[in-house]
There are 2 protein chains.
Amino acid sequence: LAQRIDRSLITRSVTIELINTGSELLLGRVLNTHQQWICRQLADRGHVVQRQVTVPDTAIDISQAVREALSRAEGVITTGGLGPTSDDLTRLEIARLLGRPLREDAAVLDQIQSFFTRRNRSMPASTALQAMVPEGAIVLPNTCGTAPGLLLELDPNTFQSDNRPAWLVMLPGPPRELQPLFTTQFLPWLLARYPETQRPAACTLRSVGIGESQVEQLIASPLTPLVNTGLEIGYCARPGEVDVRLIARGPGADRVVARAEAIVRDLIGDHIYGQDDDELDTVVMRLLRNRRHTLAVAESCTGGLLAHRLTNIPGASTVFAGGFVTYGNQAKQDCLGVQPETLAAHGAVSEATAREMARGARDRLRTDYSLAITGIAGPDGGSPDKPVGTAFVAIAGPDQVLVLRLFNPLERLSFKQVVCQQALQLLRRTLLVNSPSAPSSLQFCQDLNR
Amino acid sequence: LAQRIDRSLITRSVTIELINTGSELLLGRVLNTHQQWICRQLADRGHVVQRQVTVPDTAIDISQAVREALSRAEGVITTGGLGPTSDDLTRLEIARLLGRPLREDAAVLDQIQSFFTRRNRSMPASTALQAMVPEGAIVLPNTCGTAPGLLLELDPNTFQSDNRPAWLVMLPGPPRELQPLFTTQFLPWLLARYPETQRPAACTLRSVGIGESQVEQLIASPLTPLVNTGLEIGYCARPGEVDVRLIARGPGADRVVARAEAIVRDLIGDHIYGQDDDELDTVVMRLLRNRRHTLAVAESCTGGLLAHRLTNIPGASTVFAGGFVTYGNQAKQDCLGVQPETLAAHGAVSEATAREMARGARDRLRTDYSLAITGIAGPDGGSPDKPVGTAFVAIAGPDQVLVLRLFNPLERLSFKQVVCQQALQLLRRTLLVNSPSAPSSLQFCQDLNR
């Protein structure tokens with residue numbers, strides 16, 4: 001990906017490597033979500049994974065990868081292969097490689113049995129294999145499944161070329177088991193082992209409606225004095241968004257990052273919707289909830305994606321009344337009261353139709369605000385006037401309706417994603433400004449199209 | 001992942017390793033979608049990637065990973081690092097490692113210049129770097145961006161321990177550039193190099209509404225005679241779905257796979273909605289389009305996800321009229337005509353409400369069929385009678401309304417995904433049976449809950 005990230009971000013206090021086991025990953029049947037999730041969890045705490053490897057569920061590949069990783073890294077994390085079936089070999093192979101005999105652990109066996117008892121199911125005999133623990137391992141209990149995590153502290157010179165101690169942790173494959181186990185069991189151990197003083201000060205500012213190169217152009221020079229005192233800057237672009245990551249180390253690091261953050265907010269503050277783990281949809285919903293406002297949506301080209309995103313947020317129902325996916329012209333008339341004359345004169349993808357959709361959604365669901373989106377996702381349906389990628393976003397509030405024309409010539413799904421971001425950003429800006437005027441909306445429209 | 005895949009699937013005619021470069025991957029800011037996409041493309045043609053590695057954008061990590069991969073594999077694929085900025089080092093480092101001087105290629109420079117000219121933009125000076133080609137490389141033109149792919153055939157003993165020739169291909173990072181380049185430029189070269197006779201016969205049957213262990217229990221014994229003649233079986237479970245992959249090699253492989261497919265279809269045919277790259281939403285939409293039926297949806301707990309999925313399919317508008325996301329009770333009344341008495345007596349999550357939602361959506365959008373979903377996604381809102389995870393799916397057709405009660409105690413997003421799959425499967429079965437009767441619907445309900 002053509003994303004510029006300062007290489008010094010990769011400097012770290014401890015080298016960690018990640019090994020994902022699973023033939024299904026190499027057959028391309030499953031997306032490796034562990035890589036992003038684990039790397040992100042660690043990076044946010046100042047530990048950047050140095051290398052990630054995927055190997056099939058074969059004994060030789062697993063032990064070769066573990067041996068190589070231990071020769072380079074201080075810590076190794078493996079995922080998968082702790083299940084009860086014949087291709088779950090990680091536990092066995094690592095115990096063999098490290099010369100740690102496997103012994104049945106009575107407490108783990110007990111936990112597995114009670115896992116089945118609570119679910120009124122009998123325990124399959126093969127599951128007992130998951131109670132086998134390598135000698136000296138710390139057991140990380142799995143509250144959401146049967147296979148516990150297994151943490152091993154290794155003697156210096158197990159495979160390392162230099163004389164330093166190392167560790168290895170085996171985590172179960174299912175994300176619903178791995179994630180709580182990682183957060184509640186493994187992370188506290190890791191943070192205790194590597195004191196906080198080694199961790200850098202970091203802040204990620206998340207922006208929307210502005211391009212990566214434009215962000216860099218605006219902030220790079222003003223930040224140069226801080227970069228000269230050790231500030232590191234990283235950029236990361238995703239559909240419709242750019243993250244700016246600010247990092248500093250050593251004494252005074254917090255102050256350096258705080259000053260950098262103030263400078264960036266001063267320069268592109270209108271575009272910054274949150275920081276660290278904030279998501280735009282969550283931020284907008286929080287803004288609405290704090291003001292006790294309600295929201296309705298009317299979607300044509302985004303086809304329900306905006307409603308889907310808003311309803312992924314627990315507690316959405318206090319703000320989000322509902323939505324209309326008015327895909328056809330008839331639906332726009334029947335569900336939202338768009339006038340047939342408007343559709344005939346201006347077309348379904350037009351400022352006038354977007355305006356009537358927003359008004360219709362707000363009136364019918366009796367909400368404070370509404371967002372309406374109509375556009376041409378393609379591949380067909382474009383014209384010289386309105387090529388594929390054209391969209392209109394309208395927001396109806398207590399005072400007026402604001403409409404923007406957008407152009408995002410992207411493939412179908414990216415188009416839907418980017419238009420949703422732009423619609424949410426329009427709503428966020430409107431809520432903050434509270435009285436959108438024509439000039440600022442024009443400015444906003446240009447921003448979005450960069 | 002606790003997925004059983006026959007290890008013999010990993011047998012292959014050529015060893016290929018994949019190296020993804022990009023610090024943003026190891027910072028966890030970006031999901032590595034290249035791994036799944038490239039592995040799937042190759043596996044479907046009989047070439048299984050043997051190992052995948054992610055390294056940061058640092059010179060030493062890139063060249064170390066390439067050297068190691070070439071020592072094991074016959075072919076190495078790299079992604080990323082071909083851009084014009086200072087952290088794009090892949091081209092430079094690989095050229096250096098292999099002792100191939102970089103030379104400016106006039107044809108590539110010309111293509112890059114015309115890429116900008118067509119877009120009425122001036123070419124940034126730094127972009128010329130992308131016209132640098134290692135000596136002897138085959139240029140794979142990039143029609144969707146500026147950096148071409150670069151393919152190198154290597155002499156025996158470049159880094160390989162045995163005396164065999166090897167190759168290496170560098171692909172650009174952005175998926176919109178990589179994917180067409182891979183499909184139209186690289187894959188034809190690969191398939192020409194490794195003749196079709198080496199490829200196995202393969203078929204993946206995709207099922208829904210039945211658990212992985214149940215599939216295995218039903219098909220494993222009847223397939224044993226074919227397994228004894230060389231058939232390989234792999235299983236892969238995803239939310240609400242199980243794939244069964246059938247593979248055979250050598251003379252008569254096609255017949256073995258065809259016989260296995262017939263046996264599997266005979267045993268679990270009701271659950272098989274498609275094969276290979278078929279998706280359930282696409283299959284259902286095709287079924288509706290072929291019968292010239294139209295569809296509306298009414299969603300509560302799935303919050304627009306079903307409409308979003310249906311509208312991801314190009315040409316959806318000929319079938320899909322529209323949808324209602326009736327999140328609150330008032331919306332259910334106002335938009336769909338659900339009776340306040342029904343909501344008061346049975347609650348929003350009930351058979352009666354689902355039935356009225358489906359009728360309302362079908363009537364208001366004047367479609368042949370409608371699907372309605374109401375349920376409790378959690379984390380709050382459950383009760384002893386209707387715990388979190390409870391959902392009702394209703395389908396209204398020309399003749400009658402069919403309602404199912406479901407239970408999926410999953411986290412919020414998985415719950416939405418699985419309920420959508422179940423709703424689509426209900427519609428698929430109803431369309432195929434054409435006259436759903438009470439007993440078959442009961443049976444169906446049980447199937448879905450396994």
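**View 1. Phe324(A) and its counterpart Phe324(B) in the predicted model.** Phe324(A) stands opposite Phe324(B), a residue of strand S14(B); the coordinates belong to a predicted model. Strand S14 of chain A, residues 320-326, is joined by five bridges to strand S14 of chain B, which likewise spans residues 320-326. The two strands run antiparallel.

**View 2. The interface of chain A and chain B.** In chain A, 87 residues are in contact with 87 residues of chain B. The area buried between chain A and chain B amounts to about 7,600 Å², and carbon and sulfur atoms give 55% of this area. Between the two chains, 39 residue pairs are in polar contact, with both residues at pLDDT 80 or more. On the side of chain A that touches chain B, the residues comprise 36 nonpolar, 29 polar and 22 charged.

**View 3. A salt bridge between Glu68(A) and Arg72(B).** Six salt bridges are found across the interface of chain A and chain B. One salt bridge pairs Arg72(B) with Glu68(A). In this pair, the closest N and O atoms lie 3.5 Å apart.

**View 4. Helix H4 of chain A and the residue that follows.** Helix H4 of chain A covers residues 90-98, and because seven of its nine residues are buried, the helix is largely enclosed by the rest of the structure. The buried residues in H4(A) are Thr90(A), Arg91(A), Glu93(A), Ile94(A), Ala95(A), Leu97(A) and Leu98(A). In an α-helix there are 3.6 residues a turn, so residues three or four places apart point the same way. After H4(A) comes Gly99(A), with a positive phi near 65 degrees.

Conventions
Residues are numbered from 1 along each chain as its sequence is written. Chains are lettered from A and ligands numbered from 1 in the order in which they are written. This is a predicted model: local features need pLDDT of at least 70, side-chain atom pairs count only at pLDDT 80 or more; totals for chains, interfaces and linings use all residues. Side-chain values use heavy atoms; hydrogens and water are left out. Buried means under 20% relative accessible area, exposed over 50%, partly exposed in between (1.4 Å probe, protein chains only). Helices (H or I, at least four residues) and strands (E, at least two) are DSSP runs, numbered from the N terminus. Contact means heavy atoms within 4.5 Å. Buried area is the accessible area (1.4 Å probe) that two parts lose on being put together, summed over both. A salt bridge is a side-chain nitrogen of Lys or Arg within 4 Å of a carboxyl oxygen of Asp or Glu. A polar contact is a pair of N or O atoms within 3.5 Å; within protein, one must be able to donate a hydrogen and the other to accept it, and residues adjacent in sequence count only if both atoms are side-chain atoms. Ala, Val, Leu, Ile, Met, Phe, Trp, Tyr, Cys and Pro count as nonpolar, Asp, Glu, Lys and Arg as charged, and the others, Gly among them, as polar. Two strands pair if DSSP finds at least two bridges between them.
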